[in-house]
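Here is my note on the charged side chains, as numbered points. Please read it beside the model.

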Amino acid sequence: MSLSLASKRLCSSLTSMKMVSLAAWAPFTLFENCKSMDQLKQMHAQIIETGFASDPAALSLSRIIVFCCAHEFGDMKYARQVFDRIPEPSVFIWNTMIKGYSRTQCAHYGISMYASMQRVGVKPDCYTFPFLLRGFTCDVAFEWGRGFHAHVLKYGFESNVSVHNALVHMYSVCGQVDMARGVFDMVSEKDVATWNAMISGYNKIKKFDESWKLFCEMEKKGVLPTSVTLVSVLSACSKLKDLDAGKQVQNYLKACVVKPNLVLDNALIDMYAACGEMDVALEIFEDMKRRDVISWTTIVKGFCGSGQVDLARNYFDQMPDRDYISWTAMIDGYVRVNRFKEVLELFREMQTWNVRPDEYTMVSILTACAHLGALELGEWIKTYIDESKIKNDTFVRNALIDMYFKCGNVEKAARVFNAMLRRDKFTWTAMIVGLAINGHGKEALDMFSQMLKSAVAPDKITYLGVLCACTHSGMVDEGTNFFSSMSTQHGIEPTVAHYGCMVDLLGRAGRLKEAYEVIQNMPIEPNSVVWGTLLGACRMHKDAELGEVVAKQILDLEPENSAVYVLLCNVYAACNKWESFREVRQTIMDKGIKKTPGCSLIEVNGDVHEFVASDASHPESEKIYSKLDEMIKELKSAGYSPDTSEVWID
């Protein structure tokens with residue numbers, strides 16, 4: 001054979017090999033351009049037809065698994081089917097499967113995959129544990145965390161920074177921050193991810209002051225923060241309401257150490273809003289090149305938090321998109337300023353937009369029902385929670401208990417309480433306060449005893465319920481003892497409200513002098529409510545002399561308080577001191593003081609109607625007054641005679 005012919009055959013052979021090689025690699029590069037699982041499956045079918053699926057390195061199957069595990073529209077079930085066809089998967093493939101399960105919040109499948117990996121004798125590498133541990137939820141981390149920590153030590157990864165970071169993250173997720181800090185302190189060469197994991201851990205358990213301290217320590221070590229660091233620290237500053245610290249963090253953005261982005265801008269808005277600097281928060285918001293639903297919601301929450309609910313509603317109505325968090329923020333804003341009718345109206349609007357609420361939304365709605373006395377609507381909300389499978393946790397059940405009590409349904413409140421498997425101090429407190437305000441003083445005190453036996457520590461609100469129970473049951477000595485035990489047994493310093501309860505307790509029992517002494521000996525300045533409680537007791541027990549002293553104290557605090565003049569008139573009327581009565585009435589007229597009209601609410605067919613005395617604003621007021629006249633006639637014919645001795649004075 002001539003040299004020229006041999007050369008031609010060699011060139012032809014090489015060309016054929018090159019074409020085969022390119023054909024073999026073509027499908028692999030196409031995987032990167034897949035847009036859906038359907039496309040991937042079509043390509044997989046083509047590979048099987050051409051025989052590339054049986055290549056020695058199983059490259060095609062590996063690429064399929066990587067796609068399924070890494071992409072947002074990947075399918076882990078399909079990945080597992082492909083995985084099971086690989087005779088001897090490499091540690092890379094095992095890790096990829098574990099990472100995919102972590103990404104899709106299937107931690108238990110990831111653990112199962114790791115166990116299978118151990119059974120076939122494949123040793124983990126430095127990527128295995130970070131992929132696995134970062135997918136752990138709180139419960140999984142609590143159950144399996146220490147065991148996997150032991151495996152980290154077993155395979156000699158105790159000095160690997162990535163593995164350490166994953167351990168810090170894992171312990172933080174399940175609230176074992178002391179363990180996380182122990183791992184953190186063992187790392188000699190910490191990178192910024194290590195610091196981020198620990199700061200995030202402190203944030204998770206609401207130790208925001210520790211987050212800030214750690215950030216300051218990080219600065220001293222000369223470690224430059226990332227945007228992740230600054231978002232976590234700004235979140236801590238927001239919760240601490242530490243404006244100076246927040247500004248210090250912002251300096252990194254001003255100095256261009258970290259490039260601004262949407263998440264950071266949102267965190268800055270949240271920090272300034274939490275610190276009451278809405279002008280600055282709004283300025284950042286207006287300057288943003290791009291905004292998302294979080295940006296808008298943060299502004300709405302900020303204005304709600306500062307009491308500017310109408311301004312918050314203005315921005316809420318302008319939002320291009322709203323999620324359930326946005327709606328809940330606006331609803332909660334109305335709850336904060338006691339505009340409960342707007343709460344219910346907004347919730348109905350939320351339903352028309354087909355936005356599914358969460359448990360926090362439901363708590364706000366139940367709170368509104370409680371304050372409006374809307375039992376029928378509250379019952380509907382309870383059914384809605386059950387049927388919609390909204391998380392019915394302790395938080396929601398506490399709100400249900402409060403709603404039932406405030407609507408006067410003691411039996412159903414007790415039923416909810418008895419069905420609860422987990423109770424916190426707010427559960428017990430809701431029961432104690434609820435029983436007390438509904439006149440079940442003895443049962444409230446029995447509930448308090450059960451609370452203490454359950455090793456649940458009471459708080460200030462709990463003791464308000466206890467003192468209220470004693471007041472409504474006339475148990476003066478018991479109430480006095482409970483008041484003393486607040487500080488001696490539980491280290492709770494009485495507030496103005498607790499002193500007010502003691503004044504009410506003694507005042508109702510006719511021990512006006514003692515009640516007056518309680519006020520005089522208060523270590524804190526008494527407010528008009530405390531003095532007003534004593535004035536009410538003076539009217540009840542017809543003590544005009546002390547009533548005059550008390551009224552003067554209130555008017556020194558609030559000169560335009562119309563209720564004081566009215567109450568003092570009632571004291572004089574009860575004591576038949578008509579001359580003094582006329583003098584106060586003349587003062588009211590001379591000063592042009594007008595009593596704020598009382599407001600009543602009634603629920604009919606799920607709608608709450610609001611009215612004041614002589615109100616004619618209701619569209620069916622003629623029918624209402626006609627029915628009222630009819631009822632009055634029936635009452636009179638039955639021999640009822642109302643006590644109107646003080647009504648005309650009000």
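1. Start with Lys 206. This residue sits in the loop joining α11 (192-204) to α12 (208-220). Helices here are DSSP runs of H or I with at least four residues, strands are runs of E with at least two, and numbering goes from the N terminus. Lys 206 is exposed because its relative accessibility is 65%. The classes are buried under 20% relative accessible area, exposed over 50%, and partly exposed in between (1.4 Å probe, protein chains only).

2. A word on the source. This is a predicted model, in which local features need pLDDT of at least 70 and side-chain atom pairs count only at pLDDT 80 or more, while totals for chains, interfaces and linings use all residues. Residues are numbered from 1 along each chain as its sequence is written, and side-chain values use heavy atoms, with hydrogens and water left out.

3. Lys 206 belongs to a positive surface patch, together with Lys 239, Lys 241 and Lys 301. Patch members have over 30% relative accessible area and no salt bridge; like charges are joined within 9 Å, and nonpolar side chains (Val, Leu, Ile, Met, Phe, Trp, Tyr) within 5 Å. Lys and Arg count as positive, Asp and Glu as negative; His and the chain ends are not counted. The place of a charge is NZ of Lys, CZ of Arg, CG of Asp or CD of Glu. Areas come from the Shrake-Rupley method with a 1.4 Å probe.

4. How many salt bridges does the structure hold? There are 21 (side-chain nitrogen of Lys or Arg within 4 Å of a carboxyl oxygen of Asp or Glu). Side chains of opposite charge can pair when their charged atoms come close.

5. One of them joins Arg 339 and Asp 310, at 3.0 Å from N to O. This pair links distant parts of the chain, 29 residues apart: Arg 339 lies in the loop between α19 (324-336) and α20 (340-352), Asp 310 in helix α18 (residues 309-318). Arg 339 is partly exposed at 27%. Asp 310 is exposed at 54%.

6. Arg 336 and Asp 332 also form a salt bridge, at 3.3 Å, N to O. They are four residues apart in helix α19, so about one helical turn separates them. Arg 336 is exposed, at 53%, and Asp 332 partly exposed, at 28%.

7. Asp 504 and Arg 508 meet at 3.0 Å, N to O. Both lie in helix α29 (residues 496-508), four residues apart, which means about one helical turn.

8. Finally, a network of salt bridges links Arg 181, Asp 185 and Glu 217.
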